[in-house]
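Try each task on your own before you read the solution under it.

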Amino acid sequence: MAEPVLYTERFYRDAEHHRVRRPGWTCTACARPWPCMIARLLIRHRMKDFYHLVRAATAGQMRVADSEVDKESAYKLYRRFTVWTHRNLVCGVCGSDRHVALPGVPPRLYGCDGIRALMAGDGS
């Protein structure tokens, strides 16, 4: 199967500049919140056979960013770092396709009312 037109040698060369600048967690090339769209595309393509590792790695990066980025809510960080890595996944607690509980990620970082109720002991 031929490579999509997007993933050309020029794309890879240009995409390499889309790295994280810490502690603000912005992109070094476009100054957008990292991972920016180009970084996501590059990660998604290069790691297409190891998607479970991408989810684990971005969840770990999100935990670090949570301690370094003050102005962004925990839920926004969750959406920024991990939601784009989910493929047809739904939350096992409430069934939503807008978030997924990931191992090792604190529940406060994703907006699941179902898991909050379970943690509070209201498991109705």
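**Exercise 1.** Find which residues of H3 meet which residues of H4, then sort the contact by class.

*Solution.* Start on the H3 side: Thr 58, Gln 61, Met 62, Ala 65 and Asp 66 make the contact. Across from them, H4 brings Leu 77, Tyr 78 and Phe 81. Now sort by class: five residues are nonpolar, two are polar and one is charged. Keep in mind that you're looking at a predicted model.

**Exercise 2.** Work out how H3 and H4 are oriented relative to each other.

*Solution.* First, locate the helices: H3 covers residues 51–68 and H4 covers residues 74–81. Next, take the geometry: they pack at an angle of about 150°, and their axes are 9 Å apart. Then bring in the cut-off: angles over 145 degrees count as roughly antiparallel. So H3 and H4 are roughly antiparallel to each other. Last, the handedness: their crossing is right-handed.

**Exercise 3.** Which element gives the most residues to the largest nonpolar core?

*Solution.* The core has twelve residues, among them Met 62, Ala 65, Leu 77, Tyr 78 and Phe 81. H3 and H4 are the elements that give two or more residues to this core. H4 gives the most, with three residues.

**Exercise 4.** Which residues of H2 are buried, and what do they pack against?

*Solution.* H2 spans residues 37–46, and its buried residues are Ala 39, Arg 40, Leu 41, Leu 42 and His 45. They pack against H1 (9–15) and H4. Now zoom in on Ala 39: leaving aside neighbours within four places in sequence, Ala 39 is in contact with His 18 and Trp 34.

Terms used:
Residues are numbered from 1 along each chain as its sequence is written. This is a predicted model: local features need pLDDT of at least 70, side-chain atom pairs count only at pLDDT 80 or more; totals for chains, interfaces and linings use all residues. Side-chain values use heavy atoms; hydrogens and water are left out. Axes are lines fitted to C-alpha atoms, for helices over the stretch in contact, and angles run from 0 to 180 degrees between N-to-C directions. Helices (H or I, at least four residues) and strands (E, at least two) are DSSP runs, numbered from the N terminus. Angles under 35 degrees count as roughly parallel, over 145 as roughly antiparallel, 65 to 115 as roughly perpendicular and the rest as oblique. A crossing is left-handed if the near helix is turned anticlockwise from the far one by less than a right angle, and right-handed if clockwise. Contact means heavy atoms within 4.5 Å. Ala, Val, Leu, Ile, Met, Phe, Trp, Tyr, Cys and Pro count as nonpolar, Asp, Glu, Lys and Arg as charged, and the others, Gly among them, as polar. A nonpolar core is a set of buried Ala, Val, Leu, Ile, Met, Phe, Trp, Tyr and Cys residues joined through side-chain atoms within 4.5 Å. Buried means under 20% relative accessible area, exposed over 50%, partly exposed in between (1.4 Å probe, protein chains only).
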